Amino acid sequence: MENQLAKSTEERTFQYQDSLPSLPVPSLEESLKKYLESVKPFANEEEYKKTEAIVQKFQNGIGEKLQQKLLERAKEKRNWLEDWWLNVAYLDVRIPSQLHVNFGGPASHIEHYWPPKEGTQLERGSISLWHILNYWQLLRKEKLPVHKVGNTPLDMNQFRMLFATCKVPGITRDSLINYFRTESEGHCPSHIAVMCRGRVFVFDVMHEGCLMTPPEILRQLTYIQKKCRREPDGPGVAALTSEERTRWAKAREYLISLNPENLTMLEKIQSSLLVFCLDDGSPRVTPEDYSQVATKVLTGDPTVRWGDKSYNLISFSNGVFGCNCDHAPYDAMVIVSISYYVDQKIFESEGKWTGSDKVQDIPLPEELVFTVDEKVLNDINQAKAQYFKQASDLQLLVYAFTSFGKKLTKKKKLHPDTFVQLALQLAYYRLHGRPGCCYETAMTRYFFHGRTETVRSCTVEAVRWCQSMQGPSASLFEQQHRMLEAFAKHNKMMKDCSTGKGFDRHLLGLSLIAKEECLPVPELFTDPLFSRSGGGGNFVLSTSLIGYLRVQGVVVPMVHNGYGFFYHIRDDRSLQQVLCGLLASTCPSLETILYTAALMAKWNSTHIVLLLRTLRGLFLSLT
């Protein structure tokens with residue numbers, strides 16, 4: 001990515017879209033075989049035999065008919081999964097999506113030229129916005145380099161969804177609206193929305209055909225902030241986007257019924273390139289501890305974020321930044337790409353603007369003043385109350401591990417990501433005394449409009465290794481042997497999933513075909529082992545590698561008593577975001593959460609240090 005972002009190219013960003021291969025439908029036999037392997041760690045002999053019989057019956061019966069229907073669908077659609085996935089994973093979801101679906105993360109500018117400093121919010125914000133808008137122009141002109149693996153181009157469609165995109169709530173299903181257009185396709189909105197103290201403003205970032213400079217953007221932001229500081233706070237209509245989806249849809253309909261102008265203002269926010277959030281918070285952050293700022297990014301003031309927008313850039317009063325983004329339009333690699341681009345530009349310029357300070361005579365920002373009544377204000381208060389209540393059920397820790405990074409793992413010819421995944425399995429096994437069903441993201445961008453597939457990291461091989469690490473009788477040789485077997489299995493799974501040979505999305509497709517055909521739910525999907533092994537979004541461990549750059553991000557756990565573990569790995573360090581969902585008495589203590597992150601969280605506790613030493617000793621003993 002570093003080289004791809006740095007070099008100029010004659011290739012157009014979206015030029016390979018028509019030539020990308022279609023998403024394949026995996027073999028039914030192979031998918032069911034892989035599924036059976038994935039449930040083994042969670043079943044005793046009797047349970048496994050029962051599930052094995054259910055799978056065999058499915059394969060020889062209704063499964064074959066569903067497979068044929070799926071193959072027919074694949075002949076008509078270049079990506080048979082795309083619409084289904086968007087609906088099932090995002091648009092049909094009724095729980096509040098701002099907290100439960102969105103992803104976000106703090107910017108890493110604090111590690112070089114922008115350490116926390118009061119009084120820098122607007123100046124830094126104007127520079128950051130300018131770099132982001134330059135990225136938007138690269139996309140408009142199709143000059144953003146195509147992502148490739150070797151010489152193989154990857155799907156770039158998700159980058160169309162970064163700017164000028166918004167989810168709109170519906171009673172039973174939301175919709176996704178994308179206003180972005182390349183220059184060759186026609187007009188694209190060029191305004192941004194700014195939220196401050198419950199109020200909303202918009203202004204165009206283009207003036208007389210040219211992009212505003214940072215001093216000109218600064219002038220607009222200063223006007224907004226001064227106005228908000230000397231006048232009462234606004235009603236905070238944005239908080240409604242944090243509500244349960246059907247309630248938000250009904251509140252939106254009522255808001256529009258009060259005054260047609262409310263719809264016009266909603267559409268201005270929806271079509272804006274992004275939302276710039278002026279947050280009065282001043283979260284603590286250091287290069288070794290991002291916990292507080294990450295928490296604020298993910299669970300901060302809902303009156304200054306539009307939860308349905310594809311891009312909320314959050315600017316804190318101490319000059320620290322982050323983003324909060326709706327997950328429906330795209331996956332994390334899109335925001336990782338632009339975040340890395342902006343961070344590099346800030347680093348190269350030492351965080352300064354060196355161009356002209358001249359400010360042209362440009363129109364002042366327009367405030368969007370919604371017509372509200374007592375019911376709307378009550379809806380807003382209810383939305384804020386449920387949001388903060390649910391946010392309080394989440395604990396988030398972000399620590400840097402500085403003992404070693406990918407340089408050492410690669411020196412030992414071990415994949416850095418697999419190393420983290422297996423160590424996470426060991427940490428969970430030692431903590432809970434049992435295997436933990438685990439989701440890891442694999443990308444399927446080799447294919448047309450490909451998004452993700454599930455890698456189930458808790459394998460039979462991984463469990464055997466964990467058991468050998470626990471057992472006092474296992475020799476170092478046996479531990480190494482078991483670890484290398486687990487590495488090989490995980491690496492093969494990741495390759496299979498990335499090349500269209502995963503099974504979780506395939507099983508989803510088969511279940512949805514059955515639903516569309518009005519058939520009874522096949523027994524395979526009601527079998528207790530299906531959900532116990534993570535099926536249906538029941539993974540206790542939700543994990544993802546964010547990459548090997550200075551970019552980070554977080555998503556809440558899939559289940560209330562689960563963990564989210566998101567990490568990036570640099571040459572000499574790694575940084576981990578650990579989230580724990582709390583519900584009644586089912587969640588572990590803070591110490592437990594830290595222990596789960598023990599592999600990478602540098603924590604001054606004897607049992608964690610011992611675990612780190614054990615892993616590192618085993619790791620370094622490899623030849």
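Which residues does His327 touch, not counting residues up to four places away in sequence?

**View 1. Surroundings of His327, a position annotated in UniProt.** The unreviewed UniProt entry places the feature "active site" at His327. This residue is found in the loop that links strand S12 (321-325) to helix H12 (332-348). With residues up to four places away in sequence set aside, His327 touches Tyr90, Val101, Asn102, Phe103 and Arg451. One of these, Tyr90, also takes part in a polar contact, its side chain meeting the side chain of His327 at 3.3 Å. His327 has a relative accessible area of 15%, and is therefore classed as buried.

**View 2. Asn87 in helix H5.** Asn87 belongs to helix H5, which comprises residues 82-91. Its relative accessible area is 16%; because this value is under 20%, Asn87 counts as buried. Beyond its neighbours within four places in sequence, Asn87 is in contact with Asp92, Val93 and Arg173.

**View 3. The open sheet of seven strands.** The strands follow the order S1-S12-S11-S10-S6-S7-S13, and their pairing is mixed. Strand S1 (103-106) and strand S13 (366-368) form the edges, each pairing on one side only. Direction ignored, neighbouring strands of this sheet are turned by 25° against each other on average.

View 4. Strand S6 (residues 191-196) pairs with strand S10 (residues 275-279) in the parallel sense, over four bridges. Within this pairing, Val194 has Phe276 of S10 as its bridge partner. Helix H10 (residues 260-271) packs on the sheet and touches S6, S7 and S13, its direction making about 115° with that of S13. Helix H8 (residues 214-230) lies across S6, strand S7 (199-204), S10 and S13, and runs at about 160° to S7.

View 5. In the unreviewed entry, UniProt lists residues 23-574 as "domain: Choline/carnitine acyltransferase". This span is 44% helix and 15% strand, and its end C-alpha atoms lie 33 Å apart. For the protein chain, the mean pLDDT is 92, with 91% of residues reaching 70 or more. Over residues 582-615, in contrast, pLDDT stays under 50, although the model has 72 contacts beyond four places in sequence for this segment. Where pLDDT is low, predicted coordinates should not be read in detail.

Conventions:
Residues numbered from 1 in each chain as written. Predicted model: local features only at pLDDT ≥ 70, side-chain atom pairs only at ≥ 80, totals over all residues. Heavy atoms only, no water. Helix = DSSP H or I, 4+ residues; strand = E, 2+ residues; numbered from the N terminus. Buried < 20%, exposed > 50% of the residue type's maximum accessible area, 1.4 Å probe, protein only. Contact = heavy atoms within 4.5 Å. UniProt positions renumbered as here; feature names shortened; annotations may be inferred. Polar contact = N/O pair within 3.5 Å; in protein donor to acceptor, adjacent residues only side chain to side chain. pLDDT = per-residue confidence, 0-100. Pairing = 2+ DSSP bridges. Axes fitted to C-alpha atoms, helices over the stretch in contact; angles between N-to-C directions.
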